[in-house]
Amino acid sequence: MQTQLLDKNPETPLRVYAVWVPLPISMTRDKWDAANLPDARVREFWDVDHVISGWFGSQVDGIDGLSWDMYYLYGTDAVWDTVPTPLISSGGSIFAERERLRIEINTLIDQ
């Protein structure tokens, strides 16, 4: 995210909310690098109790489980009532979908 999207588009008016989800083997607080996303447009959260990841799983993805390693793209007209809408795009893994996300962000900005 940082090198592939943010660094390459420093003037793009984005807000990024990164929610880190602790996973037993790969992602624990002591292994988390807080310097992963140093961009000023990023706000980071640690979802220790899986509240956010569980909510997005059930309310946005329609699954009974956690959503992690996902992105959700909303435009400037997005409104958060019960569920944020309109959702322009979502996908995962973020790394695998980085080029698609970059294109969708640029398309959104060019509108």
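How do the residues of the lining of the largest pocket divide into nonpolar, polar and charged? The views below are of a predicted model, in which local features need pLDDT of at least 70, side-chain atom pairs count only at pLDDT 80 or more, and totals for chains, interfaces and linings use all residues. Residues are numbered from 1 along each chain as its sequence is written, and side-chain values use heavy atoms, with hydrogens and water left out.

**View 1. Lining of the largest pocket.** The lining divides into 32 nonpolar residues (Ala, Val, Leu, Ile, Met, Phe, Trp, Tyr, Cys and Pro), 8 polar and 3 charged (Asp, Glu, Lys and Arg), with the others, Gly among them, counted as polar. S3 supplies 11 residues, the largest share of this lining.

**View 2. The strand pair S3 and S4.** S3 and strand S4 (residues 84–92) run antiparallel and are joined by 7 bridges; two strands pair if DSSP finds at least two bridges between them. The two form a hairpin with 3 residues between them. Tyr72 stands opposite Ser90 in S4. Strands (E, at least two residues) and helices (H or I, at least four) are DSSP runs, numbered from the N terminus.

**View 3. Surroundings of Leu101.** Apart from neighbours within four places in sequence, Leu101 is in contact (heavy atoms within 4.5 Å) with Met1, Leu5, Tyr71 and Leu73.
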